[in-house]
Structure formats: structure tokens, C-alpha cells
Amino acid sequence: MFEAADPPRTSTLAFYGDDLPGDDRITVVGPDGARREVDAVRVPVGDAVPLLSKARRDPGAHPATAFWGASVVVALQLVARGRVRPAVTDGDLDAWLVGPLDTADHARIRDLAEAMPAHARAVPLPDRSPAALADAEPLVRAFLDAVADTMPRGAAAVHAAGAPAFASPEPQHVPHLRGWAEQGVRISLRVEGLEEFRAVVQVHDLADPSLVVDAARLWAGASRRTRSEATVAIRRAARAWPPLERLLDLPVPDEVPLLDSDVEDLLRDGAVRLAAAGVDVHWPRDLVRDLTATVVLDADRLDRPSFFGPDQVATVDWRLALGDDPLTPEELDRLAEAHRPVVRLRDRWTLVDPELARRARERRLKPVSAIDALGAALTGSTEIDGEQVRVTATGWLDEVRAKIADLSGDPIGPPPALAATLRDYQLHGLRWLHRMTSLGLGACLADDMGLGKTITLIALHLHRGCGPTLVVCPASLLGNWQREIERFAPGTPVRRFHGPGRTLADEGFVLTTYGTMRLDAERLAEVEWDLVVADEAQHVKNPASDTARALRRVPARSRVALTGTPVENTLSELWAILDWTTPGLLGTLPAFRARWAKPVEVDRDRAVAARFAALVGPFLLRRRKSDPGIAPELPAKTETDRPVALTREQAALYEAVVRELMAEIGDSTGMARRGRVVKLLTALKQVCNHPAQYLKESAPRLPGRSGKLELLDELVDTIVAEDGAVLVFTQYVAMARLLARHLSDRGVGNRLLHGGTPVAEREELVRRFQDGEVPVFLLSLKAAGTGLNLTRADHVVHYDRWWNPAVEDQATDRAYRIGQTRPVQVHRIIAEGTIEDRIAEMLRSKRSLADSVLARGEAAFTELTDAELADLVELRS
Amino acid sequence: MSERVRGFPAFGKGARHARSWWGRAWLQALEDTSLDQRVVRQGRRYANAGLVGTITVSPGLLSATVHDTDDNHRTTVRLTPLTDDEWRRFLGQIAAKTGHLAALLDREVPRELVDAAADAGVPLLPGIGDLDPECTCPGWELPCRHAAALCHQVAWLLDVDPWVLLLLRGREQAEVVAGARPDGGESAVEAFAREVPVLPPDPPVVDPGPLPEFEPAPGLDVAALGLLVGYAAARARAVLATGEWPALDERRDRVRAAATHPGLATRLDVDAREVLAWRQGGAPGLAALEESWNPGRAAHAAWRSGGLPDAEVWRNRWTVRDRQLRFATDGRWYGYRRENGSWWPAGTPDRDPAAVLGEL
């Protein structure tokens with residue numbers, strides 16, 4: 001007979017028998033249920049261990065003795081494995097208990113308890129009539145603990161441990177160690193059954209999460225404190241999920257039957273609420289739970305290229321599948337008719353979320369617009385009733401998706417009419433633009449400046465071959481467009497729709513500015529454009545602006561946006577651009593903000609960011625100069641003439657200067673004439689630079705008065721956005737100062753180096769630029785002496801012309817020299833129709849004058865006749 | 001059994017109200033008991049003024065010192081504790097539904113529990129006349145304002161800790177939790193009648209795992225506790241293997257521990273020779289160091305037949321110059337060597353004295 005005590009090591013075994021005299025009297029129950037007093041010997045459990053372990057080997061031992069002998073072996077095996085743990089008993093005493101126990105241990109203890117003969121527990125429970133015996137399993141566990149508690153307490157244990165707690169056989173009062181010895185418990189629910197469900201409460205030890213015990217077992221054994229904690233945990237779980245309240249009506253909160261509606265509720269959001277309360281739900285292992293619903297999108301093909309117009313719709317259907325295998329219509333019907341949260345599918349019980357059953361009933365959803373369907377196909381998911389659902393595109397929609405994803409389909413070559421060789425990445429860009437525009441989808445090409453967006457677009461125009469292309473760009477870029485079209489697509493009509501008396505054409509290229517487009521959107525809308533291009537499309541990033549709204553009013557078969565700034569970093573800008581090129585793709589602005597911009601930019605939700613990237617990725621092509629695939633294709637140095645138009649003020653000043661000074665020149669000869677010619681040239685160059693420079697204004701207003709300055713702003717903005725650096729050369733210190741002030745006013749960091757800069761300061765300025773402190777370095781030629789190393793610059797701007805290209809090259813070499821790792825782009829700004837333009841043309845065609853200019857600089861012009869001179873300086877349009 | 005007394009700091013100055021239904025029921029009992037509601041209100045003012053000292057709660061008795069303008073008064077309120085039989089029935093009511101104990105542990109009193117207890121004839125909350133006040137003040141109202149003040153304070157206490165009421169009725173939280181469990185058990189007749197399966201086979205002997213590592217705890221050498229687990233494991237393996245209980249007295253166990261865990265040697269206060277002797281031969285080795293006895297002829301014969309050199313023999317010790325062999329009770333010879341004037345265990349014990357002497 002085992003009699004448990006607190007602490008466990010003070011438990012005793014009472015031996016009694018006919019031939020056993022004893023000092024103690026104990027009450028036992030017999031098979032008839034009658035109580036009787038017998039003589040017995042009480043032995044402390046520690047002393048009983050060797051006796052019992054011997055009894056285990058004795059075939060003649062009494063069954064009760066043999067049983068406790070077997071229990072001793074189980075206890076010793078646990079101890080021999082080191083499976084004992086310190087604990088604080090309900091009486092606040094120190095105790096070693098068996099544990100942690102694994103599943104096999106629990107099973108072994110259960111089996112042992114099953115085999116306990118009534119004689120081994122024949123002491124009747126107090127106050128019970130008819131007589132009752134203690135439950136076997138708690139008794140076995142208490143016995144195991146009692147044995148475990150004696151074992152570590154050797155004679156020298158107190159000495160070894162340095163203190164009596166957990167070492168001395170004497171009970172030690174250690175309430176303060178409870179927190180150390182116990183970590184608390186948490187509960188989980190195990191759902192069982194298929195025909196009828198029930199939730200079984202399991203209790204987990206927080207100290208060892210692998211230790212799980214059913215509440216039923218816990219209530220039979222375990223400490224008061226563990227039970228208290230489990231009780232409170234169950235009450236909290238019942239608050240999270242009310243069907244568990246029925247547990248609280250039970251004496252032992254072991255399990256509750258679950259109604260089908262409970263299971264449905266658990267599937268719907270009960271499990272989520274329980275999880276939030278720290279309660280996991282475990283489903284039966286043989287219950288199939290991988291029934292999933294995805295959305296299938298399909299759309300019929302239309303012949304028109306604008307099949308992503310608002311009229312075109314896609315059908316939306318639910319597809320339910322077990323694993324990857326779609327359900328048959330019969331199975332769907334069975335699912336639809338299911339009235340229970342489990343359905344027999346393919347010979348297995350399958351757990352059915354009520355939401356899934358509803359989807360099986362309402363298989364067809366409201367059709368969506370084709371563009372929405374494409375967006376869903378690209379992201380692979382869509383939102384239905386506030387929930388992200390996986391999407392599969394089929395049929396033609398899937399073809400479109402695949403085409404967008406893979407350009408290798410029908411590779412087109414460069415158009416024969418293109419008078420240039422496209423680099424590989426430019427050809428890729430052309431194919432991409434062709435693919436997107438031929439699908440009527442529009443696109444945004446956002447390559448770095450200098451990668452040849454213009455030539456790619458010209459190639460696209462030539463490839464499409466048909467109707468007119470409208471290019472909308474900043475005024476400062478009109479000249480560049482015209483020149484590049486004339487150069488790379490010779491014979492293609494190009495017309496500027498700009499300035500007074502402007503007229504339209506319905507073939508070739510029409511170039512216009514954002515300003516003109518805003519004023520004349522109605523006229524532009526009358527033309528049936530094949531392609532509308534918005535260059536430097538960041539100019540329409542504010543969708544509420546008049547410019548952006550006017551742009552939207554110009555219809556086109558396809559739309560392409562070009563930009564050199566990384567729009568993908570500012571989602572609202574990206575929306576503005578893509579909503580123009582591909583209306584509807586990103587939804588309305590408020591919807592876009594809620595669905596994409598906020599989760600991506602504010603919440604930093606990675607899953608949403610990944611879906612967003614999948615959605616916009618196909619519509620946005622951005623290559624960096626530094627990309628591994630691009631850099632090798634770029635020449636180390638690219639030189640571009642950047643023609644700009646004079647402003648009206650500049651043109652008027654220019655003509656006035658020509659009139660006035662040509663008259664003076666005509667009246668003079670010899671040295672005086674030479675001096676006046678030089679004066680004329682200087683004056684004209686200053687007018688081209690900026691009226692304020694020519695007029696020597698003391699505190700001039702700078703913006704909006706010079707075509708060159710406008711272009712410089714465009715270039716600098718792009719370079720700064722690309723995180724690049726630029727050297728700006730001008731012959732005139734005065735102009736350099738104006739530029740410095742202007743850039744500073746616009747918040748662009750810059751440094752100015754000129755002939756008057758002390759040598760010591762020069763080095764400091766160079767260092768600051770090289771260290772990346774400022775993106776713009778302004779230089780006058782005289783300052784560009786030897787020893788200047790400005791290799792951080794990847795752009796060089798010649799704000800005004802040096803007549804001698806060798807001098808320009810020398811200046812350019814400040815950036816392009818040993819140590820430069822990036823390709824350098826040289827931009828030569830040239831005022832159109834002016835003497836600058838004329839001389840640049842001369843230099844290109846290497847006429848005789850060019851040679852003398854090369855040889856003698858401006859003095860060469862003094863030799864020209866009045867008529868020749870007039871021809872040179874005359875302002876042409 | 002712990003002493004069923006708890007002290008609670010009283011609530012300080014500030015207007016309060018009983019918020020819980022049981023707190024209000026408690027006050028209702030006070031008001032019903034009182035003949036003069038003015039005194040009850042006075043008591044509340046005293047309670048609000050923070051004039052009540054530390055409140056002591058024990059079965060059947062509340063007491064506190066209440067400060068008044070003239071003097072401090074010792075005030076008590078008595079409430080009859082439940083009898084053991086009433087407690088048995090009440091615990092039965094608690095145990096009937098897990099929710100009852102869960103609510104109490106969450107510091108709420110379920111009305112249903114109180115109603116069920118009342119139906120079983122167990123009054124948990126006091127009713128009219130149940131609160132029996134007594135005070136050292138000269139006033140003759142019953143209750144006096146001091147007792148009323150105490151009752152108000154206790155009502156607030158009950159709001160946050162209903163276990164105070166159960167303690168007042170006679171049991172501590174721990175006792176209630178322990179008592180409020182389903183009876184379990186199995187009818188003796190059925191238990192005897194039931195056929196039990198044969199005993200399961202003994203569990204396999206498994207290699208010991210790594211010793212457990214415990215989190216640090218105040219006042220405990222947790223590393224040493226780990227060693228105790230290791231010791232217990234070794235001991236359990238010995239019992240499993242031999243059925244013997246290798247019991248040692250305290251001193252020998254110290255030697256054993258020091259020999260097993262050299263890091264503990266200083267703490268264990270043992271002699272270096274003893275440790276060596278234990279390492280040489282365990283308990284018999286230690287005996288060879290400490291004890292001498294008269295072995296039988298067999299030992300002498302063994303020495304002689306081994307062709308060993310002549311030795312100076314005293315009891316079980318054969319000495320050859322600075323070497324010595326001790327014949328121990330386990331029938332083996334233990335080698336010793338003289339260093340610095342004392343004999344030190346050396347070599348490996350063996351049944352063959354020649355082998356031991358040879359090793360020395």
C-alpha cells in the first residue's frame with residue numbers, strides 16, 4: 001500500500017499480510033467492500049526501494065508488492081535517465097519530481113496504472129460510502145515522484161549543494177523558489193471525431209512546450225497550482241471563444257462536444273480568436289484540410305487592340321481544389337449541398353470552411369474589367385470580400401500574362417528605316433515597348449539619362465510605321481527631339497506644334513511642349529494619334545494639374561511615358577504615370593493609396609510590396625547605367641549636342657544686338673571693326689546664355705528667361721535623381737555666378753571654381769565635390785588648369801561653346817580620365833538658330849572656316865565680310 | 001498547514017465605493033445589522049478618511065486599529081466560520097463546475113455558486129445580524145463607527161480579493177483549491193472485481209542523457225543541483241543493475257562526491273588521500289586506507305606463493321621499503337607508496353599481489 005505525503009519523499013509504503021506482524025494499524029478494504037483494521041509495517045519510501053526492486057524479481061511476490069516493484073523500476077529508469085526536476089510542492093516544500101516526461105513515458109505510466117491491482121491501493125478514501133479506492137494513475141505518479149524525491153539526496157548532498165534545499169531529506173520551506181521551479185501552463189484544444197466533433201483540452205508546460213497532458217489526466221494528478229493555472233486559462237479561452245463556456249460547467253474541464261455550427265465558427269474565425277488568446281487548435285490528422293479556393297479569370301479575345309478598354313470584361317469563377325487537383329462538378333455539387341463542416345470527398349473526410357461551401361454554391365462572381373483581371377493575373381491574387389485570394393488566369397488572359405512576362409515570343413529586329421545601330425538593351429527596350437503597345441497596354445520607359453530613350457522611341461515609331469506620333473516634352477527638349485529624329489529617322493516628317501501660328505500634321509512626329517498641350521488639348525485631341533509620348537513624364541506627376549488632365553484628354557491607340565527619374569520610389573508619381581499609360585491598372589487614386597501605397601510605404605508590408613512589384617513590373621522598364629548588363633555596352637564617353645530654343649526675350653535681345661552692332665560694324669574698319677566683331681560675338685553668346693548676363697542685371701530674376709537654363713535644370717534634376725554628379729563649364733565667371741545662385745535657390749548643392757579662386761581653396765572645393773558633398777561643380781575654363789581631378793562626375797555640361805573642340809575635350813577630360821569608373825556623358829547646350837548653332841554645324845561639316853576657327857579662335861571671324869558675318873549671326877527659326 | 005491569518009494594508013484616504021455585487025452584499029449586511037444608519041455613514045467617512053489601520057483577517061475574525069480624534073481603538077468584527085461539514089458541501093459546489101473555481105481564481109464570485117451553496121445550506125455571504133462587531137471605544141452603538149469603518153474597508157478589499165471572504169469563513173485559497181476537486185476514486189468492490197492486465201514489461205535501460213541545466217535561483221547552487229541529478233542517476237542505475245542500495249554514511253559520501261566532482265572538493269572538506277583511495281577502489285578502497293584487520297591464511301599464502309620479496313607484515317599490510325600492499329575485504333590487494341611520511345594509495349588494486357607490487 002502506498003500512502004502519498006508532502007513532500008513526496010516522506011511518503012510511506014505499508015506492508016501487511018497474514019504472517020506479517022506490525023507496529024502500525026491501518027484500515028484497508030477487502031473485495032467485499034468492507035473496511036477492516038490490520039497490522040502493518042510502515043516503511044519510508046526510500047527504504048522500500050531496494051526491497052521492492054528485489055520483489056520485482058521474485059516470482060512468488062504478492063501481486064501488490066510485485067506491482068510496486070514494477071513501479072520502482074519505472075521510477076528508477078526515469079531517474080537513471082536524469083528525468084527529475086526540482087519543484088515546490090503545494091505545501092511550499094522542496095521536492096524532486098519525475099519529469100520532463102516524453103510520450104513513451106506517459107504511455108508507460110498509463111499502462112502501469114492499468115495493471116495496478118486493487119490490493120495495491122486498498123486504503124479506502126475518507127468519508128466515502130460505499131468504500132472507494134483512489135484512482136490508480138494519480139497514485140502511480142505520486143509514487144514515482146516519491147521515489148524520485150529520495151534519490152538525489154545522498155548523505156553528502158547538503159555539503160555538495162552548499163545548502164539543504166533539494167539536497168537534505170528534511171523538508172525545506174522554499175516558497176520563494178516557486179517562480180524558479182514553475183513556468184506556468186498554457187492550454188490548447190485538440191479537435192477529435194469526424195461524425196461528431198469534440199474539443200479535448202490539453203495542457204502544456206510552458207517550461208517544456210513538448211510536454212502535453214490532457215486536462216482529464218491533469219485533474220487526476222498534478223499540483224493544485226498547475227490545476228489553478230489551467231482553470232484560469234480555460235476560462236480565458238472561453239471568453240475568446242464562447243462554445244468553450246460549457247467546459248466551465250463541468251467538474252473536470254476535459255472536453256466538450258462541438259456542434260457542427262461550433263466547428264464552422266471555429267473554422268471561420270474562432271481559431272484565430274483562440275490563437276490571439278494563446279490557445280492553439282489541433283485538427284485530427286486524418287482530416288483532409290487542404291481544400292482551397294482560387295479565383296479563375298478568363299476573358300474573350302477582341303480583335304481591336306484596345307481590348308483593355310472599359311467595355312471589355314473578364315469572367316471570374318471560383319475554383320475549388322483538393323491540393324492541386326480541381327474538384328469535379330459533381331464534387332462541387334456535393335460540397336455545395338453540404339450541411340456539415342466535413343464532407344466526404346474522394347473517400348476521405350474533408351474539412352470544409354463554410355466560406356468554401358458558399359463559394360462552391362456561388363461559383364460565378366461578378367465580372368471585372370479586363371484591366372482589373374490582368375492586374376489580378378499579374379499579382380497572382382485579388383481581394384474578395386476583404387480577403388486575399390489566389391488567382392489563376394486562363395485562356396486568352398493567361399496568354400497575355402505570359403506574353404508580358406516573356407518577351408522572347410516573336411523577337412522583332414530594328415526597323416530598316418532607322419539610321420543607327422541599336423545597342424542590345426535598346427533593342428530589348430524596343431521589343432518591350434512594341435509588346436506592351438501592341439497589346440494596347442502602354443508602358444513607362446524609365447532608363448537612366450544617356451541610355452537612349454529617344455532613339456528607342458524613334459525606333460518604336462518606325463516599327464509601328466503607321467499613324468502619327470505626338471511627343472509632349474519640356475520646351476527645352478524640343479530641339480533635341482527634332483535633331484535626333486532627323487538624324488536617326490531621316491525622311492520622317494517632324495513638326496513642332498509650338499509657338500504662334502502652330503499647325504498640326506497627321507503623319508510622322510509632332511513635337512509639342514506641356515504648356516502648349518495644356519492650351520491646345522482640344523485641337524490635339526482631334527488627331528487620331530497612333531502613339532502619344534510623354535517625355536520627362538515626371539512633369540505630369542501631379543494628376544490634379546491642368547497639364548496632367550489635358551494630357552489625359554488626348555486620345556491615342558497607345559501611350560508611352562519616358563522618364564529618367566526613378567519614379568518607382570514615389571508611388572503616387574508612379575500611379576500618375578501608369579494611370580495615364582495604362583488607365584485602370586492601378587485603380588483610382590484613393591483605392592491605390594489604400595490598397596498599395598499605404599501598405600507598401602507606411603506599413604512596410606513585404607507581401608504587399610511583392611505583389612505590387614509583380615503588378616507594375618511589366619509596365620515599367622528601368623535600366624541603370626551601372627547595371628551589369630548595360631555598362632559594358634556603353635561607350636566610355638558619349639557626346640550629345642543639346643539644342644535649345646531662345647526664349648522670346650532672348651530672341652528679341654538677340655535680334656536687337658545683331659541690328660545695332662552690325663550697323664556699327666558696317667560703319668567701321670580696321671582695328672575698330674575687329675573690336676566690334678568680337679564685341680558682337682561676345683554679346684550674342686551672352687544673350688544665348690541668359691539675358692541677365694548680357695544686361696548685367698544686379699539682382700536678376702533667372703527662371704523662365706533662358707532656354708539654356710531651363711535645359712540645365714532638366715539635366716541637373718535628372719542627374720541628381722540618378723545620384724550622379726555633373727561638371728558645368730562656362731566661359732564666363734559672371735554666368736557661373738548666376739548659375740551658382742540659381743542652383744542654390746533651387747536647393748541644388750554646388751561649388752564654383754574660377755580663375756580667381758585661391759589655390760588652397762581650389763583643393764578644398766575639389767575634395768568636397770569628389771567626396772560627394774555637392775552634385776554640381778561649376779567651372780570657368782580659365783580655372784580648368786592641370787592637376788584637377790574631378791572623376792566623380794559622370795556628366796559634363798558645356799553651358800556655352802568653346803569654338804575649339806580641343807579645348808572642350810580638355811575640359812571634359814577633368815571628368816573622363818584615369819580613375820573614372822562610370823561612362824561619362826557630355827552635353828553641349830546650343831542655342832538653336834543662333835551663331836552657336838551655325839558654328840557647331842560648321843565644326844561638324846569641317847568647312848574651311850572651321851579650320852581657321854580652330855586655328856585662330858574668334859579672331860577668325862573678324863576676317864569675314866559684312867555679308868558673311870550677317871549670314872553667320874542672323875537668327876533663324 | 002499554514003496559519004490562516006492574513007494582513008492587508010488598509011485603503012488610504014479617498015472616497016471609494018464597493019463595486020462588486022458581493023462587496024455590496026457585504027455592506028448590505030452591515031446596513032441591515034445596524035440600528036442607526038448615521039453610524040454606518042460615519043463609518044464610511046472614517047474609512048474614506050483612511051483612519052483604518054492594517055486589517056487582519058483570520059477565520060471568523062476581522063480586526064484593525066481605527067484612529068479617532070480622541071484615541072486609537074481596537075475593533076473586531078466576527079463572522080461565524082463554516083463548519084467542516086459546511087465546507088465539504090461548499091467545496092463540492094465549487095468542484096461541480098470548473099467555472100466556479102476559475103471565476104474565484106480570477107477574483108470574481110459567481111452568483112450561481114453563492115446561490116447553489118445557499119441551496120445546500122451553506123451561507124457564504126453574511127446576512128442580517130451575521131456581522132458581530134466589538135470595539136474598545138466607549139460608544140455603545142452596534143456597530144460603532146469604527147466597526148462600520150472596518151466593514152467598509154473590508155467591502156473594498158472584497159472587491160479586489162474575494163478570497164478574503166473565504167478566509168473569514170475558515171479556509172485559505174490553497175485549501176479551497178486543493179479541496180475543490182472532483183472526488184475521483186473508484187468503488188472498492190468494482191476495483192477488486194475488475195481483472196487487471198499483467199504488469200507491463202520493465203522499461204529498457206537507457207543511457208543517461210546530459211545532466212539538466214537549471215536557471216539560476218536565489219540561494220541555490222544550481223550547478224551542484226545538476227550534479228545531484230547525476231548522482232541520483234548513477235545510484236538508480238546501480239539499483240537497477242544489482243538491486244543493491246549503495247548507502248554511504250555522510251563522510252564517505254563526501255569522499256565519493258569529491259572524488260567524482262573535483263570542483264567540489266574544498267566545499268566537501270575531505271582529505272586528499274581519501275579522495276585518492278576512493279578513486280583507487282571506491283568504498284573498499286577507502287576502507288583499505290582507513291581500516292586494518294587480520295586477514296586469513298589465504299592472504300599470507302598468496303604472498304608467499306607469488307615469490308614476492310620478504311615483507312614486514314602488520315595485520316593486513318605488507319610493507320617492502322617504501323611500498324605497501326593492503327589486503328582488503330573484497331579480496332583484492334591495494335597498493336600504497338610512502339611519501340612525506342605517510343602512505344598514499346597508488347596503482348590499480350588486483351587479486352594478484354605480484355601484479356600490484358610490480359606496478360608500484
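Predicted model: local features only at pLDDT ≥ 70, side-chain atom pairs only at ≥ 80, totals over all residues.
Which helix of chain A has the lowest mean pLDDT, and which the highest?

Figure 1. Among the elements of chain A, the lowest mean pLDDT, 56, belongs to helix α32 (residues 848-856) of chain A, and the highest, 92, to helix α28 (residues 733-745) of chain A. For chain A as a whole the mean pLDDT is 82, with 92% of its residues at 70 or more.

**Figure 2. Overall make-up of chain A.** Chain A contains 33 helices and 33 strands. It has 877 residues, of which 44% count as buried. When contacts in chain A between residues at least 6 apart in sequence are considered, 68% of them join residues at least 24 apart.

**Figure 3. An open sheet of 5 strands in chain B.** The strands follow the order β7-β8-β9-β10-β11 (chain B), and their pairing is antiparallel. Strands β7 (312-314) and β11 (342-345) of chain B form the edges, each pairing on one side only. On average, neighbouring strands of this sheet are turned by 30° against each other, direction ignored.

**Figure 4. Pairing of strands β10 and β11 of chain B.** Strand β10 (residues 333-339) of chain B is joined to β11(B) by 4 bridges, and the two run antiparallel. One position can be followed residue by residue: Y336(B) has P345(B), in β11(B), as its bridge partner. Strand β11 of chain B is also an edge strand of the sheet.

**Figure 5. Helix α13 of chain B against the sheet.**

**Figure 6. The contact between chains A and B.** Chain A contributes 72 residues to the contact and chain B contributes 68 residues. On the side of chain A that touches chain B, helix α2 (residues 63-80) of chain A supplies the largest share, 9 residues. By class, this side of chain A comprises 49 nonpolar, 10 polar and 13 charged residues.

**Figure 7. Strand pairing from chain A to chain B.** Strand β7 (residues 132-133) of chain A and strand β6 (residues 186-187) of chain B are joined by 2 bridges and run antiparallel. Within this pairing, L133(A) has E186(B), in β6(B), as its bridge partner.

Methods: Residues numbered from 1 in each chain as written. Chains lettered and ligands numbered in written order. pLDDT = per-residue confidence, 0-100. Pairing = 2+ DSSP bridges. Axes fitted to C-alpha atoms, helices over the stretch in contact; angles between N-to-C directions. Contact = placed C-beta atoms within 7 Å. Buried ≥ 20, exposed ≤ 12 C-beta atoms within 10 Å, placed from the backbone. Nonpolar A, V, L, I, M, F, W, Y, C, P; charged D, E, K, R; others polar.
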